[in-house]
Amino acid sequence: MKRHKQLRKAKAPGKWDIVVIGGGASGLGVALESATRKYKTLLLEGADFAKGTSSRSTKLVHGGVRYLAQGDISLVLEALRERGLMRQNAPHLVKNQSFIIPNYEWWGGPFYTIGLKVYDMMAGKLGLGPSVHLTKQETLEALPTLKEEGLTGGVIYHDGQFDDARLSVNLAQTIIDYDGVAVNYTKVTNLLKDKDGMICGVKVKDMIDGDEFEVSAKVVVNATGVFTDEILQMDEPGSPKKVVPSQGIHFVLDHEFLSGDHAIMIPKTDDGRVLFAVPWRGKVVVGTTDTLVEEASLEPRALEEEIEFILNTAGRYLTRPPKRSDVRSIFAGLRPLAAPEEEGKKTKEISRSHKVIVSLSGLITITGGKWTTYRKMGEDTVNNAVILAGLKEKPCITENLAIHGYTKNIDLNDHFYVYGSEAKAIKEMIEDNPKLSEKLHDRLDFTVAEIVWACRKEMAMNLDDMLARRVRALYLDARAAEEMAPKVAKIMAKELGRDNAWVEQQIKEFSALAHGYYL
């Protein structure tokens, strides 16, 4: 996964079967589907893989209990099946997570127990475990930091949890394993059309050295998430919006706020939204909100009203209400919801189902969806691309495809478990050079070895790539990430052949970025 080699292949003469614009969940899913069917595949990402929405999720792989309550049965069925396949295909990154819904109303126990039994039944043989009603005492023993006043009991159920950015890296590696090409920092600046007005390729700018080049393709897929409309405007200027960006924010707190291994799910808060508090990488992720925003951004920022909502709502359920000073990191992401046909729909009412749209010029656009269904989104999109481009039909194999790093031999207490089968190689590097075992910060377990590995094997090009998405320091403890940045920049400069001016510039840019991640 060397960027210069991937870039050279991207620029090589010839025509690609499928060119995918966007390296988030949907784009990676499409490119993976295409490459594994042995179509000549190129993925172009304008920033870093999962730089936008796809690294800012609640870290859940779930069918969607809320969608079941809304009656969106087909979405829940599809998502539960895909949840099981994700767990099966990437067990080093997707784990079984138990959730408890605390009941503070007399009817909560039977209501949620029955609903979650239906949820279990819908998952079938790909289920992660049965839901069970808990007494008040059992609920408090499982969640010792939960407020006791008014509690009547709880219901425990199972969903999946994962590391979104790490999965993105592994998906890009899998695409390359199957002879596809995937390159970050290659921004599509325009669409190319033939004399009949049909799309026949894209114009690309290398965002690192400024070089521009053109790529020919039999079919182009727009998988740019919240930036979908930017590409659509290149195709048809003035066309109506296809995507509604909805912002969700998350806090990261120390593990003491939850204490146990179970997550909390509050199915209905004051404004009807769902609140999660989920153990993740030794911390607790708390969220989320659902706020309509006008403009899409690669670095969205939490609104004051969202911050207050999460603090106040979490404080109502936890014995130690979180304060601003307790927040280790705060991050915001934008959901690319498919624009509703009815005006005035609240964002939480807009379906999370995906849509595949084909324009008159032959541009294929995939919108909506969520991380859990990334594979199915890819399958549906490639099925359309094959017909449109007249490609030879080939079978889908991604339902039972081991993702790069696949291993079942996982010890969740081993810091390196997220590297899956590659953890062994990182540990061997440390054995050969014990200095690589040095921790980068006393509050986090990340090591020098992981920085070296990401430079050599994971296409990390700058401090943001490294500290936000290769190692998750920025999302776990933003101040610690900022404090370790100078050391990490020097290690990266040595690996990437950069000078001191680059180091200083990187530290300055990352410091400005990190300030947006703490209160």
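Student: Which residue stands opposite Trp280 in β14?

Tutor: Lys283 does. This is a predicted model, so keep that in mind as we go. β13 and strand β14 (residues 283–287) run antiparallel to each other, paired over 5 bridges. They form a hairpin with 2 residues between them, and Arg281 in the turn has a positive phi of about 50°.

Student: Which strand pairs with β13 in the antiparallel sense over 3 bridges?

Tutor: That is strand β12 (residues 263–266). To place this pairing, find Met265, whose bridge partner in β13 is Phe276.

Student: How should I read the side chains of β13, and which of them point one way and which the other?

Tutor: Start with the general idea: in a regular strand, side chains alternate between the two faces of the sheet. Here, Leu275, Ala277 and Pro279 point one way from β13, while Phe276, Val278 and Trp280 point the other way. Both sets are buried. Strand β13 (residues 275–280) is thus mostly covered, with 6 of its 6 residues buried.

Student: Now the cores. How many residues does the largest nonpolar core have?

Tutor: The general idea is that nonpolar side chains in soluble globular proteins tend to be buried together. In this model the largest nonpolar core has 93 residues, and among those with the most contacts inside it are Ile18, Leu167, Leu463 and Phe510. Helix α15 (residues 478–496) gives the most to this core, with 10 residues. A second, separate core has 29 residues, including Leu143, Leu258, Ile307 and Val327.

Student: Which residues is Leu463 in contact with, leaving aside its neighbours within four places in sequence?

Tutor: Its partners are Ala468, Ala485, Val488, Ala489, Met492, Gln506, Ile507 and Phe510.

Student: Are Asp48 and Arg469 buried or exposed?

Tutor: Asp48 and Arg469 are each buried. Another salt bridge brings the side chains of Asp464 and Lys51 together (2.7 Å, N to O). Asp464 sits in helix α13 and Lys51 in the loop between β2 and β3, 413 residues apart. Asp464 and Lys51 are both buried. These residues belong to a network of salt bridges that links Asp48, Lys51, Arg56, Glu299, Arg301, Asp464, Asp465, Arg469 and Arg470.

Student: What about Arg443 and Asp477?

Tutor: Their side chains meet in a salt bridge too (2.7 Å, N to O). Arg443 lies in the loop between β19 (439–441) and β20 (444–447), and Asp477 in the loop between α14 (473–476) and α15, so the pair ties together parts 34 residues apart in sequence. Arg443 counts as partly exposed, at 34% relative accessibility. Asp477 is buried, with a relative accessible area of 1%.

Technical notes. Residues are numbered from 1 along each chain as its sequence is written. This is a predicted model: local features need pLDDT of at least 70, side-chain atom pairs count only at pLDDT 80 or more; totals for chains, interfaces and linings use all residues. Side-chain values use heavy atoms; hydrogens and water are left out. A nonpolar core is a set of buried Ala, Val, Leu, Ile, Met, Phe, Trp, Tyr and Cys residues joined through side-chain atoms within 4.5 Å. Buried means under 20% relative accessible area, exposed over 50%, partly exposed in between (1.4 Å probe, protein chains only). Helices (H or I, at least four residues) and strands (E, at least two) are DSSP runs, numbered from the N terminus. Contact means heavy atoms within 4.5 Å. Two strands pair if DSSP finds at least two bridges between them. A salt bridge is a side-chain nitrogen of Lys or Arg within 4 Å of a carboxyl oxygen of Asp or Glu.
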